[in-house]
Amino acid sequence: MCSLHTIQTKREDIVSVLARGSVDKYECLLDHLLSHNVLNWEEYQSCTLGGKPLCILVRNLLDIITCKGDTCCSIFLDAFQKNETCEEQFNFQFPDDLEKSSNYLQSERPGIVQLLHNYTSAVLQKLLEHGFISECEIDTIQLPIYSPSQKARRLLDLIQLKGNEAARCLLKIIQNLEQGQTAIVTNDCLAFHKKLKNIICAQTKFLSTYDGTENMCLEDVYTECVLELPRSKNMLDHGHGSQTTLDLHNIFNEQGIINENADTIIILGDAGSGKSTLLQHIQHLWARGKAFQNFCFVFPFSCRRLCCITKPICLKTLLFELCCWPDQLQEDIFQFIIDHPSQVLLTFDGFDEFKFSFTDDNKHCSPTEPTNVSSIVFNLIEGNLMKDCIKVVTSRPDAVNVALRKYIKKEINLRGFSEEGIETFIRKHHDNPDTSEGIINLVKNSLSLNGLCHIPVFCWIISKCHKELINSGYKAPQTMTDMYMLTLKHFLLHASSNIKQTQNILSDRSNSVKHFGKIALSGLRKGLYVFSPQDIAKAGITEDDLSLGFLVFSKNFSDEGKTSHYYEFLHVTFQCFFAALFIVASDDMDSSKLYQLFKWNRRQSGNLLVQRLPISCVQPVFQRQNKMILRNIEIRNLQITATFVAGLFSSALNTLLVDSWQPEKMAMKCKTVKKCLAKAIQKHFKSIPPALPDEKKAMHAMPEFVWLIKCIYEMQDITLAERAVRGLAVDHLKMTYCGIGPAECTALAYVLTHLKNPVGIQLDHNSVGDTGIEQLIPCLHICHALYLRDNNITDKGLCSLVEHAIEWPNFQKIALFNNGLTDNCMNSLANLLKKRQNFLSLRLGNNCITEVGGQILAEGLKENQSIKYLGLWGNQVGDAGAKAIADALKSNKSMVWLSMVGNNIGSIGGQALANMLKNNAVLEELW
Ligand SMILES: Nc1ncnc2c1ncn2[C@@H]1O[C@H](COP(=O)(O)OP(=O)(O)OP(=O)(O)O)[C@@H](O)[C@H]1O
């Protein structure tokens with residue numbers, strides 16, 4: 001029987017089945033007919049006229065179909081049967097040519113309706129954002145009389161009417177949804193999604209350091225920081241092997257993954273390097289819809305706050321109560337979160353402040369079962385809870401223990417501002433170009449300031465206190481302590497109404513400073529960074545003190561609508577600074593207590609394992625050593641506080657404090673600090689094993705050594721610096737993996753310049769950079785060998801170094817592999833080779849040197865007879881470069897080791913090297 005005849009004979013049954021069924025089902029049939037072009041647009045509309053009974057619409061449809069001949073009738077019957085039996089599976093083949101988007105939406109209509117029906121609200125929002133529909137149109141589509149599928153159909157109908165541009169936009173949204181590139185929340189979750197975005201947007205709008213006094217938005221002042229991936233052997237190769245800097249927008253991609261099965265990305269950086277701000281920026285970009293839209297939900301946590309949760313808590317409560325409460329459908333929303341972990345991002349700021357040491361001993365897998373907060377956090381990191389949900393954790397570097405490392409997907413080092421970043425930050429901070437130019441010049445002209453300003457918090461201080469620095473002719477700060485003292489004066493002066501009459505503002509506000517010092521120190525001892533109204537009252541802090549702006553409302557404990565507030569210091573480094581001021585200037589603290597501040601290092605020196613253990617593991621040892629008042633201060637903050645203490649004894653600040661507060665015990669304390677520092681350094685030196693026969697004596701310094709050097713620098717005491725290195729009788733000073741950046745280089749130069757005998761200085765795997773080289777130059781004349789592997793050095797830094805190195809008689813070796821050197825510094829190196837006929841070793845592996853660079857270097861090699869080692873592996877010198885080098889070395893009588901592997905060298909270069917090897921009697925190794 002032909003299809004037309006079937007419809008005619010069974011018309012009554014068909015009408016009855018369709019009219020008895022739901023409107024949804026009938027419309028689904030129409031979707032099929034539209035997609036197969038059985039109905040044209042006008043016919044479709046006549047079959048969906050609102051207000052008419054379904055049986056009339058069905059009859060009308062059958063009239064249209066039967067007029068269209070047997071093929072159309074056959075398609076109808078097919079669709080009718082499918083409609084009755086099962087749901088179809090759709091497989092989208094998106095068109096390459098987006099000009100045909102409207103057609104595609106029509107031809108795939110049944111599948112698209114099925115895909116969209118759970119997401120219409122979010123899709124409508126996106127179309128609204130793109131300007132293709134209006135609020136009023138959304139309201140019409142979202143009328144409660146429509147089922148979810150009907151809403152999807154009304155949406156498609158509207159877009160068809162709006163033309164191909166709108167259809168193209170919708171198709172892009174559908175494509176992203178289908179391929180999981182953009183996370184789109186279901187209709188049930190949309191209200192919560194919006195609420196969460198609004199809350200995060202409001203929370204991340206301002207930086208805490210700008211609270212109260214200024215009204216600067218994060219968006220206006222945010223400056224990109226340098227993000228680096230550590231080069232590690234087991235970094236999985238995803239085609240980014242040699243790249244170590246990372247763009248923020250690539251933070252979640254495959255670049256730099258070290259463990260594909262893990263879900264935690266850890267961002268490491270020193271105090272004030274911008275970790276919290278970076279997280280805030282990520283959250284803000286997400287909340288504003290500007291990036292990271294593959295996450296439906298972002299839940300930000302502060303470890304400072306999590307530490308205060310003492311009662312058992314479950315994951316659900318943690319997410320909803322701490323971040324955002326769903327006004328309705330809590331169960332559905334939580335279920336969506338659990339079912340779609342890859343669409344959820346959790347951030348944990350300040351893991352170093354999380355008092356619990358990471359352990360994977362206690363498994364907890366239930367999202368609804370309460371347990372202690374540390375267990376929830378650790379099991380999230382391990383993936384026992386919400387596997388595949390990405391977690392971003394920030395921490396100061398040494399808080400990561402071995403157990404945690406197993407669960408790290410990617411490790412990122414935050415290196416603060418680049419040279420350009422400093423300028424950008426200053427320009428963003430000041431509308432007046434004259435002011436910003438003035439500050440930039442100030443920073444450029446002061447070596448010490450330049451080194452410090454790579455750390456964002458210092459850059460902020462300089463920007464904040466620019467008036468004092470530029471107009472009042474203050475001496476540019478030399479040390480970190482100078483910076484904080486400058487800020488202290490700035491805030492005090494700012495709050496003082498009669499500045500001119502005030503001779504010594506510190507003396508005038510001594511009580512305020514004392515109050516801050518007291519609460520800061522007692523907070524550090526108890527691991528407290530947030531202060532309740534009771535804590536504030538107990539420390540005697542008055543409204544007047546609060547108005548100075550050092551204590552700001554805590555973001556972590558905001559009780560909106562309440563009159564009493566929780567406070568925290570502007571930044572934790574200010575808490576350390578005030579604690580240091582109290583330790584130094586209060587006569588309640590005698591020098592023996594101060595001795596405790598440096599003493600803990602003595603037992604730990606040389607014990608890297610203990611140093612890297614989290615504080616809670618170290619504490620039993622630590623507590624035994626320090627029975628006194630400073631025993632509980634978290635090690636990283638203790639070091640910062642101790643550095644400030646040393647800095648406050650620099651001659652200028654010592655005098656200032658004595659003049660301001662007349663403390664009686666300062667002289668004694670100063671003596672104690674000097675003794676502590678000198679002895680701690682000596683102890684470090686004594687731990688060096690004696691040299692083996694025929695071997696040079698080397699010292700492998702620990703990060704603690706660098707900290708001691710920084711303390712000496714903060715004191716600005718040349719005699720102490722001389723005394724400190726007097727006993728250092730080594731040929732080689734190794735300071736690899738010590739977290740050395742530009743500021744540390746300034747301190748190293750200050751002390752190492754007093755070394756009496758030439759040494760080799762090995763600084764591999766730090767972040768010295770071009771600025772660090774500038775800082776080091778004052779001490780490098782003493783150096784016979786310099787190792788700077790993996791330190792982000794570019795041509796600029798190297799050229800500057802070589803300019804000086806030409807004059808240094810001892811300087812014979814330099815190792816620069818894994819940096820960013822190009823052909824542009826080859827002239828400089830060639831010149832060094834020409835001028836220095838006692839130069840021995842040049843290692844330039846894994847840089848970006850091409851044929852041209854190889855040829856330039858060859859010019860230098862031609863005129864040098866001393867060089868013994870040349871390493872150029874992993875560059876791109878090619879045939880021409882290799883040939884030029886081989887020819888240059890023909891007459892060289894010293895070269896014993898030459899490495900040219902991985903340089904794209906073909907037969908010409910290879911032949912030239914082979915010939916050179918034949919004629920060269922001394923060359924022992926060529927590879
Ligand atoms: N990228 C940035 N752009 C602009 N300003 C920044 C940036 N990063 C940091 N800052 C400034 O430096 C201050 C300190 O930064 P932040 O609190 O983020 O450091 P942190 O690394 O989290 O420090 P800590 O480890 O001590 O908590 C910020 O309050 C802000 O003023």
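Reply: Helices here are DSSP runs of H or I of at least four residues, strands are runs of E of at least two, and both are numbered from the N terminus. This is a predicted model, in which local features need pLDDT of at least 70, side-chain atom pairs count only at pLDDT 80 or more, and totals for chains, interfaces and linings use all residues. Residues are numbered from 1 along each chain as its sequence is written.

Me: What is the phi of Leu329 near?

Reply: Phi of Leu329 is near 50°, a positive value in a residue that is not glycine. Most residues other than glycine have a negative phi.

Me: Why does Leu329 count as partly exposed?

Reply: Leu329 counts as partly exposed because it has 16 C-beta neighbours inside 10 Å. A residue is buried if 20 or more other C-beta atoms lie within 10 Å of its own, exposed if 12 or fewer, and partly exposed in between, with C-beta atoms placed from the backbone.

Me: Which loop holds Asn904, and what is its phi?

Reply: Asn904 lies in the loop between β17 (897–899) and α45 (907–919). Its phi is positive, about 55°, although Asn904 is not a glycine. With 14 C-beta neighbours inside 10 Å, Asn904 counts as partly exposed.

Me: Changing topic: how many helices and strands does the chain have?

Reply: The chain has 45 helices and 18 strands. Of its 927 residues, 46% count as buried. Among the contacts with a separation of 6 or more, 80% are between residues 24 or more positions apart. Two residues are in contact if their C-beta atoms, placed from the backbone, lie within 7 Å.

Me: Now the ligand. How many residues surround it, and which are the closest?

Reply: The ligand is surrounded by 24 residues, and the closest are Gly274, Lys275, Ser276, Thr277 and Pro456. The elements giving two or more residues to this shell are α14 (275–287), α23 (456–464) and α30 (572–585).

Me: You mentioned α30. At what angle do the axes of α27 and α30 cross?

Reply: The axes of α27 (residues 510–526) and α30 cross at roughly 110° and come within 7 Å. That makes α27 roughly perpendicular to α30. Axes are lines fitted to C-alpha atoms, for helices over the stretch in contact, and angles run from 0 to 180 degrees between N-to-C directions. Angles under 35 degrees count as roughly parallel, over 145 as roughly antiparallel, 65 to 115 as roughly perpendicular and the rest as oblique.

Me: Which residues make the contact?

Reply: On the α27 side they include Val513, Phe516, Leu521 and Leu524, and on the α30 side they include Gln575, Phe578, Leu581 and Phe582. The residues of the contact between α27 and α30 divide into 11 nonpolar, 3 polar and 2 charged.

Me: Is His429 buried or exposed, and what does it contact?

Reply: His429 is buried, with 22 other C-beta atoms within 10 Å. Its place is in helix α20 (residues 419–429). Leaving aside neighbours within four places in sequence, His429 is in contact with Val221 and Ser463.

Me: And where does Gly760 lie?

Reply: Gly760 lies in strand β12 (residues 759–762) and counts as partly exposed, with 19 C-beta neighbours inside 10 Å. The C-alpha atoms of Gly760 and Ala785 are 4.3 Å apart, although these residues are 25 apart in sequence. Beyond four places in sequence, the contacts of Gly760 are Asp731, His732, Leu733, His784 and Ala785.

Me: Last one: where is Cys670 found, and which residues does it touch?

Reply: Cys670 is found in helix α36 (residues 666–686). Not counting residues up to four places away in sequence, Cys670 touches Phe649 and Asn654. Cys670 counts as buried, with 22 C-beta neighbours inside 10 Å.

Conventions:
Near = placed C-beta within 6 Å. Nonpolar A, V, L, I, M, F, W, Y, C, P; charged D, E, K, R; others polar.
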